[in-house]
Amino acid sequence: MHHPENDEQYKGLTVNKGVENLPTVNPYTRFSRKKRVLTPEDYFRGIRDGNISILGQAVTLVESSLPEDQLIAQRVIEMCLPYSGNSIRIGITGVPGAGKSTFIEAMGTDLANRGKHLAVLAIDPSSERSKGSILGDKTRMQELSTAKNAFIRPSPSAGSLGGVARKTRETIVLCEAAGFDTVFVETVGVGQSETAAHSMVDFFLLLQVTGTGDELQGIKRGIMEMADGIAINKCDGNNIEKAQVAKTQFKNALALFPPTESGWKPYAVTCSAVEKTGLRDVWKMIEDYISHIRLNGYFDYQRTQQAKYWMYETINEQLLNSFYQNEHLKQLLSEAEQKVLNNELSSFIAAHNLLNEYFKKD
């Protein structure tokens, strides 16, 4: 190519000849191979071999809403089911600011150092507007996330009941099949809907903090009745005396509740996740409870009741999805909604008509 800039009238300016016919592919770049699609059998073998990467991919499949992913996920769960049920499942809830993540990291690190294989299913709250979630628990639990025998899986709550991710129970099955003998389920916070968390764990721990005024204020009776034990966190520094007072208050409150179905008498202990004190007391309470319910048969009874509960929950969920994803009903739903807003139709009649249309046989 001729460059006019090289003419003699433009002294001191030279443009070199360009390279012609450049290759369209960088010869120094390796060709990337297409990622192999795993079969359900591949996932199962990887999970049983303790492959954390494959376990994480399987959990992603379980959480996916894509029909093709759900088919594979359900097959993997079926294969893993006979190898599940061999862990202690612990639900951890508490008021915002109680230090749940710090407590789980301190307790989990101690358990991992003692040879336990721990899976932490940390549920992050999802935005009601954007449906997004920060998923920052793995970042906060830096020490525990580096342990070889620990698996941390943050999941968005996605507006599900009690802040527990919709597929957490299936994830527990996969983790147990992978050899994890201890499973922590951290929920978003305190509320009556924490029933969902309670219905998938063996021990339900309420984490409380002192120094915020009335220690029982804001704790709903339903949560107190569900708790198998209470740990008063941040028992350190100038807060030790207040924590002991709170322990007495909770002890008196728990004594007023009727006997539990398991025959266990819940009690409160103090601890400090920051100073790592009292953690062994919390774990001893959990171990004593598990020994107690194994001895009287409540452990197996509770597991079977939970399985039945989640069967009905799955039916309810599938019916809801089937209703709202019905293309024919989407149009009718929009029309009915507008009529309700215009006071042309009552809410109950509109719902009745839509359900009749849904259940109408061809």
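Rings of Phe, Tyr and Trp (for Trp, its six-membered ring) count as a pair if their centres lie within 6.5 Å; planes under 30 degrees apart are stacked, over 60 edge-to-face, and the rest tilted. By that rule, ring pairs link F203, W264, Y267 and Y289 into a cluster. The model is predicted: local features need pLDDT of at least 70, side-chain atom pairs count only at pLDDT 80 or more, and totals for chains, interfaces and linings use all residues. Residues are numbered from 1 along each chain as its sequence is written, and side-chain values use heavy atoms, with hydrogens and water left out.

Start with the rings. A pair of aromatic rings is described by the distance of the centres and the angle of the planes. The structure holds 10 aromatic pairs. In one of them, the ring centres of W264 and Y289 are 5.4 Å apart and the planes stand at 85 degrees, so this pair is edge-to-face. W264 lies in the loop between α10 (240–255) and β7 (268–270), while Y289 lies in helix α11 (residues 279–295), so the pair ties together parts that are 25 residues apart in sequence. Helices (H or I, at least four residues) and strands (E, at least two) are DSSP runs, numbered from the N terminus.

W264 has a relative accessible area of 11%, so W264 is buried. Y289 is at 1%, so Y289 is buried too. Another aromatic pair, Y358 and F359, is edge-to-face, at 4.9 Å centre to centre and 75 degrees between the planes. F359 counts as exposed because its relative accessibility is 56%.

A charge can also sit over a ring: NZ of Lys or CZ of Arg must be within 6 Å of the ring centre and within 35 degrees of the ring normal. R294 does this over the face of F299, at 4.1 Å from the ring centre.

Now the charged pairs. A salt bridge is a side-chain nitrogen of Lys or Arg within 4 Å of a carboxyl oxygen of Asp or Glu. The whole structure has 11 salt bridges. One of them joins R303 to D202, with the closest N and O atoms 2.8 Å apart. This pair links distant parts of the chain: R303 is in helix α12, D202 is in the loop between α8 (195–198) and β5 (203–209), and 101 residues separate them. R303 is buried because its relative accessible area is 12%. D202 is at 1%, so D202 is buried as well.

K284 counts as partly exposed because its relative accessibility is 48%. D288 is at 30%, so D288 is partly exposed. Elsewhere, salt bridges that share partners join D110, R114 and R280 into one network. Within it, R114 bridges to D110, with the closest N and O atoms 3.2 Å apart. What is the accessibility of R114? Its relative accessible area is 41%, so R114 is partly exposed. D110 is at 17%, so D110 is buried.

Next, the surface. M311, Y312, I315 and L319 form a nonpolar patch there, with about 390 Å² of accessible area together. Patches are made of residues with over 30% relative accessible area and no salt bridge; like charges are joined within 9 Å, nonpolar side chains (Val, Leu, Ile, Met, Phe, Trp, Tyr) within 5 Å. Accessible areas come from the Shrake-Rupley method with a 1.4 Å probe; for residues, only the protein chains shown count as cover. I315 sits in helix α12 (residues 298–324). I315 is partly exposed because its relative accessibility is 41%.

Then the cysteines. A disulfide is a covalent bond between the sulfur atoms of two cysteines. Here the cut-off is a pair of cysteine sulfur atoms within 2.5 Å. The structure holds zero disulfides. C235 is buried, at 10% relative accessible area. C80 also counts as buried, at 0%.

Last, a strand. I230 lies in strand β6 (residues 229–233). I230 is buried because its relative accessible area is 1%. The C-alpha atoms of I230 and V269 are separated by 6.4 Å, although the two residues are 39 residues apart along the chain.

Technical notes: Buried means under 20% relative accessible area, exposed over 50%, partly exposed in between (1.4 Å probe, protein chains only).
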